[in-house]
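Hi everyone, thanks for coming.

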Amino acid sequence: MMRNQLLFVLALVLLVGCRQGETEPISPVHPIPDERQLAWQDLEFYAFAHFNMNTFTNMEWGMGDEDPSLFNPTDFDPKQWAKVCKEAGMKGIIITAKHHDGFCLWPTATTEHSVKNAAWKDGKGDIIKEVSEAFRAEGLKFGVYLSPWDRNHPAYGTPEYVTVFREQLRELLTNYGEIFEVWFDGANGGTGYYGGANEERRVNKKNYYDWPGTIEIVRELQPNAVIFGDAGPDVRWVGNEHGFAYPTTWSNLMRDSIYGGMPEYAKKYSSGQENGTHWVPAEADVSIRPGWYYHPYEDHKVRSLPELLDIYYNSIGRNSSLLLNFPVDKTGQIHENDVRQLNKLVAKVKEDFSRKIALSGSNLSASSENGEYLVDNLLQPEMETFWNPKSGELPATVTIDFGAEQTFNRFLVQENISLGQRVKSFALEIKNENGQWETLAKETTIGYKRILRLPDTKTSAVKFTIHDAKDSPVISHLAFYNAPKLLLPPTIARDKNGQVSFDLSEEGLQAFYSLDGSDPKSGGIAYKESFELLQPATLKAVSKDPVTGEFSEPITIAFPLAKKKWKVIDPEKDANQLIDDDPYTNYTSKQNRASIDLGENQEVSGFTYYPIQNRYMSGLIKDFEFHTSIDGKNWQKAVSGEFGNIANSPIEQQVEFEPRTARYIRLIAKSTTDGQSATFAEIGVLLTE
């Protein structure tokens, strides 16, 4: 009996040995991340908070001459920030402790331009203390943004200021517990208050701050913190403020060739370099609104769910982390509109990765395996376990045989970056109905994480092939998911000629509509191509997922009379943009009016005014008169009034009046919000039913 057991064990050892073979040692491909960078990489998703003097002056970049007493949040609640971030799965926050205007959110000993002279809490408050404590209480990380540029300090541009800047850094890194990231902006030097000098001061961005000396302070006081800057040294800017990394994103960087504020950085270095000398991974920073700081007129401009999803997949899905900014409002809280959109994003991402295609070792086979680094390891999400083909065997292929047809539209793959970023190109192939292999996707880099959004793909088998790599690849994980469609109502637009077009949130969806306000889910018209709609109508539409049979929420649009026959009769520059049915083009009138020929008599009962939608808006009409005419010569006033809150809520304004026959209309600006010439995005008319 004992003899048989020994023979069985020997046979098992031989079997495993034959399968694994001798394990070849794997040497790192330099550069490689250090421990603090590996810990940072696992965070993936965390918050930025722009909250400072600019919040109360409605600015993006303050000049530095602001009165400190203006800083006065009415209901400051960092626990709300922390709750929002934790529920969203974010791992921490970085706060603008000091922006370019020089105002410090803590009672620093280095300047009077700080919260110690604010109206808030009679100068006894400390924003940094309260935020750091609120986030640590939730088990979240805390980081600080400290602007090197200071438009307030009189010594900026001299060696004395560098000493001040470093003392501010020491205060932040000494008095507020553990810091996970220190963020240095690349904007340095320019016009400013500078203690009353009110002049332009330029510095040598490469040498002025003596960055090696500043970095030593961080290493001394916060050895586990990563340092962010254009050149790192630990984490780099992605090179844009859209939140997008690149189809080819290397974590390697020629760090010694770069400095903060380098003009050519975004074009030459932001995507990393295959042969970079240092490990400096990308961080994608983006605001949930157009601006970084809070502006009331952007309350209706929070990014849509499709925009936020694009940001997620093009940052975290492209070997980058995602730093999502919240412009905290004047109360001192994250605005409810921002929270709403964040929660939509988080819910959709969870949904996208909730339908994982189940795999086991029997589903996987590889072109080769290096000893203990088996293809089965790909099923484990841990970086420490990985598949590695035998050295020199490229292309290297993993075949996934599902055993039966499966549908997927997401592919996730990761490298063991502790051994360096290696993969230079890879491809996915699927087995078609004829049993032949056809290419589904061709891509370049992988890095810490790569996620592909793919069309709905039905197949029984997939090949994942690495065609080129810096050395034998070390792949730690791969997975397939079948994400549900993003089922949103269609986006609907009508041009000046009355052509209505639909834009669906994802390929493969259908749309149905009605023109009488009835429910389009039953008996609605199937949308196939753009169609003409000249007369006023109530269009109601839904999207439908043909696979699940589910419908989106409906969207209802009350279309006024189309502008096909209209003509602007106050001919100034860009006059036709007033009636092009595009709210993102503008018309500025030095006469402070807009006069339009409707082309024929109409029974008019009101008008609409759409203010310009630029980031920095000017000439919004406040007080108005609206006139009508039959012949374009004799005008009668139909209504006058005020667009009361248009500066803070620049949405389409609608005004009704007693019906009258008119061929000509004129909107006159009696005053604007800023005293500048009146601006218009669009004008429309309401007709008598």
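**Rings and their partners**

Let's start with a charge: Arg666 lies over the face of Trp635, 4.1 Å from the ring centre. By "over" I mean that NZ of Lys or CZ of Arg is within 6 Å of the ring centre and within 35 degrees of the ring normal. A word on the source: this is a predicted model, where local features need pLDDT of at least 70, side-chain atom pairs count only at pLDDT 80 or more, and totals for chains, interfaces and linings use all residues. Residues are numbered from 1 along each chain as its sequence is written, and side-chain values use heavy atoms, leaving out hydrogens and water.

Now, how many aromatic pairs turn up in the whole structure? The search finds 50. Rings of Phe, Tyr and Trp (its six-membered ring) pair if their centres lie within 6.5 Å; planes under 30 degrees apart are stacked, over 60 edge-to-face, and the rest tilted.

Tyr313 and Phe353 make a tilted pair, with 6.2 Å between centres and 35° between planes. Tyr313 is buried, at 2% relative accessible area, while Phe353 is partly exposed at 21%. Here buried means under 20% relative accessible area, exposed over 50%, and partly exposed in between (1.4 Å probe, protein chains only).

Next, Phe607 and Phe626 are stacked, 4.3 Å centre to centre with 0° between the planes. Phe607 is buried at 0% relative accessibility, and Phe626 is buried with a relative accessible area of 0%.

Finally, a cluster: ring pairs link Tyr156, Tyr161, Phe165, Phe184, Tyr194, Tyr208, Tyr209 and Trp211.
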